[in-house]
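Please look at the structure below before reading on.

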Amino acid sequence: MPETATAAPPLWHRATSPDDALRLMAEMPDAVIAAGMTALQLDWPAHLRGSRADGPVIDISGLAMGPDVSVLPDGWLRIAANAPLERLRRDPLTGTFPALRTLLTGIAASGVRALATLGGNLMWGAGDAATFCSAFETRIVTTGGQHPYRPGTANAGLLLAVETRPVDGFVEKVGFRAGFTPARILLAGARNSDGLQLAARVRGGVIARALVNGATEPISLGDRLCADTGLEPGSEDAAILRALVAGRTKDYFA
Amino acid sequence: MTTSPSSELRPPQDRRLFETVDAKARGTFRYLADASPPGTLHGAVLRSPHPHARITHLDLAAAREMPGVRVVIGPEDVPPGFRYGLRHQDQPPLAQGLVRYLGEPVAAIAAETPELAEAALARIEVAYAPLPTVADPVAALRADAPALHPGGNLCHNFHFARGEAETALAAAAHQVDLKLETPRQMHAALELEGGIAHRQGDRLHIRAPSQDPFYVARSIARMLDIQPDRVRVTGSPIGGGFGGKEDLHVQPLLALLAWQTDAPVRLVLSRAESTRAGFKRHPFRIALRIGCDAEGRLLAMVAETLADTGAYASHGPEVLDTAMETIQGAYAFPHARLDGRQAYTNNGISGAFRGFGASQVQCALEAGIDMLAAKTGIDPLAFRRLNLAAADADGPLDQDMVPQPELAWIAERMARHPAPADAHGARYLAGRGVALVRKGEGFGRDGPNGAEGRLGLDPEGRITLTASLTDMGQGISAAVRAMLAESFAVSPGDVAVRLGRTDPDPATGGPDSGATSASRGSQIALRLIRKGAPEFRDRLCRAAAAELGCRVEDLTLGPGGFHRTALRRNHPDLPFAALTTAPGLEVAISIGGLQATRGHPAAHSVFTGCGALADIRIDRWTGAVRVARFTLVPACGPPQVPTSFDGQMAGGAVQALGFVLTETLPTRNGQFAADNFDGYFLPTFADAPQIVVDPVTELASDDPIGLRGAGEIGLNAAAPAILCALHDALGAVPPSLPVSPAWVLAQLHRMEPR
């Protein structure tokens, strides 16, 4: 637990099981759910000796949510929602899914990866995982059941796992340097039976999706994604996104 | 990142020279503000939320009445008229009715707990009347701009002319006209500005990182109107300086708070405070015209620069002077006209920063040299060799200088590093840049360039150099120990250093070694040791001879102590520790400056040269530029501690990478765009390329020093090499730094239209 988070007065509740977490969530609807807390701390009020939560926190980092990564009977990978990203990055099973490994490598600095979780990144909404899950087929497993991932959709219950289907594809993160950087542009592409499913996001904004197949007009693809992500056509971000889309889809159209 | 040793064999190293490295890497090393004595009060500072405003109301009463709040200071606690600064003393410790930058201190508090101090800040009543923000240095120098200081907004200017530059340019076969804007860069030292001050009677002890402890002591003594020897300053070790701890930072506020109480006071800035109030690298706007004849011989330069020094001068004048001295680089320009100006604005404070002045202008110069080389059809390195300043030529400002034959040796060594034949595939475009620079070491003719030190035995019997030079992680402690061990032919365990403190003994009043800046630390230490060693060795041997009852000439110094020359035993006949109480051993040393005797007042006498090769890879899809490899060829003489030397080069190169590719802190209406590292993009290990250091270890045989400082020159060479690599790959030079991906994509589109 970070030293900055130990000072009074936030009330820390360490859930002992998913049911206990649900009980705490019901008792304290305003409480925040915390596992790695790396993103949460960014929004906590700053004090002289660091930021502190100003309300109750339900700590789910110790809950048993299954193995970090496992292969399901249908070939999908199941990832425990509260497993630290760095453990996931090192897991041999994620090595079988290169695009996922690329996401995990570039998603945050090593210090952040040691604490942060895939579930946290996804629920935070502003992280890179949402774009990935918008391109690659993804299911969300909660205490309320299982359903396909839809960005921005609130979950019923507590998130337990993320399931994703390993297919060929890519993750391109354009940041401000090679190491830990907020994503300036994230472009993910998954090769499915019906084409190349693209998902793009610029500076944490709207996630735009486009399916590339034989019917797609390549010239306008970059412009379409720029428009759907809300970019000004003449902006630097738009120039990068267009060039990146052109480069990544060139082979597909060829 | 890897640093490779030179092609020459590096000597084995004593691990004791690096005793602090492990603790620093683990985060357990204790810096000056890390240890608070019991009863220490906690300082906090009320800062202006406006970049330019008049303070219309300030009431400290409510804060003063709070239980647990021990000291509250406001503008009236600053002695009337007191200002500090190096050349222009224009900065008050607390705003005197007018704030000139966002984050300027308005009042300060010392309380029993940090929480109380924070709460007391909130009780201070303050009101401001905002004034128009002077955010653009060009606008700042217009006649109708609001004047930020009584003398107007021109902080400093520079002019130099040799020959008829315009006429020569008009006659040039090839001419380049180049404009470049450079960014505001942060030092980003991990140790924040902070310290502890404690008044004891009529004396004050300040423990705060400083690259010039005596400058701090003199400034604080002047502020408190007491004798300088009443102020004791411990300024070392420093958790990263890079120039950011060369001027005063928290010391004046600490001193004012501590002077009003008998308890120690601790004040450490937060990262956000440091970002707002800390010094930055000066943004420059550079306009350069250079020309050569049909054979590629340089004819003339016309240069104009404008630097943004922010609200106060700090080291601004020195930065501009250095920029204008180094803008001709390592080359001979028969004709030159140089004009530089520096403007006050409301954009924070710019100050000293590793490689200052030179790093900005030599980016423009080296890019311009490449453009000229391309016009003449001459290879960039060959073009440089053709135009290097002669070894015994006058300096760039027509000053006399220590001959510099190593420039040609650097170029020769650079030619031995062929470009890699890496396959980059269709996605990437490769480029190689070469740069060859030089920069003055120490201070210009105006000095101060002298230094004092002492040689003696410490209580454990180790031969010790005492100097006020400071260790900021650059390796000076290790270098001085290596110098001592070599000079006295003893073991590394027989020597010690005592650095970074003003001497509390008023009888000696020293030793004041001057600032540890401008890459001067190592050469000052070496010259002090070299001058004092014969006398100290003689005193030691006389004392030992008296103890052993033998003749002085029968003794020699060696590992562990004194050895009878004739006996040749493998242990000393008398250990050094036997003489720790012997009287009269200590030798006070004073050395003068190596200064130019003619030429511009800002001119240096001693120059350091360095070459750099940058191999870059450009991503055609994203416009991202990645440095794959740096090859650095510094000419600093034989490295004292090769690992530290390589570290200085590698660190400088990565800081250069940030300067050119990722780092900038722009302002909007006087407010910085980021207040933390999440919005300011320092390079990380992931950005750091392979770095090869291949030093030229020879200097002229009659060189008066025998080494050059390594602190800055790697940065100075590496930064322009990246721009030159961009020119090599794209045939163009960016108009501003850091390089924008959009500009790269536009150049790619120009080269390879779809």
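Of the 254 residues of chain A, 48% are buried, where buried means under 20% relative accessible area, exposed over 50%, and partly exposed in between, with a 1.4 Å probe and protein chains only. This is a predicted model, in which local features need pLDDT of at least 70, side-chain atom pairs count only at pLDDT 80 or more, and totals for chains, interfaces and linings use all residues. Residues are numbered from 1 along each chain as its sequence is written, chains are lettered from A and ligands numbered from 1 in the order in which they are written, and side-chain values use heavy atoms, with hydrogens and water left out.

Chain A contains nine helices and 14 strands; helices (H or I, at least four residues) and strands (E, at least two) are DSSP runs, numbered from the N terminus. The radius of gyration of chain A is 19 Å, close to the 18 Å that the globule rule gives for 254 residues, so chain A is as compact as a globular protein of that length. That radius is taken over C-alpha atoms, and the rule is 2.2 Å times the number of residues to the power 0.38. The C-alpha trace of chain A spans about 60 × 45 × 30 Å along its principal axes.

Chain B has 17 helices and 31 strands. Its radius of gyration is 27 Å, close to the 27 Å from the globule rule for 754 residues, so chain B is as compact as a globular protein of that length. Along its principal axes, the C-alpha trace of chain B spans about 80 × 80 × 50 Å. Of the 754 residues of chain B, 62% count as buried.

Now take one helix of chain B. Helix α6(B) covers residues 213-224, and its 12 residues reach 16 Å from the first C-alpha to the last, close to the 16 Å expected at 1.5 Å a residue. The expected span is 1.5 Å times one less than the number of residues in the helix.

How many of the 12 residues of α6(B) are buried? The count is 10, so to speak a mostly covered helix. Among them are Phe214(B), Tyr215(B), Ile220(B) and Leu224(B). The buried residues of α6(B) pack against β11 (203-207), β12 (231-234) and α7 (251-258) of chain B, where contact means heavy atoms within 4.5 Å. Just after α6(B), Asp225(B) takes a positive phi of about 55°.
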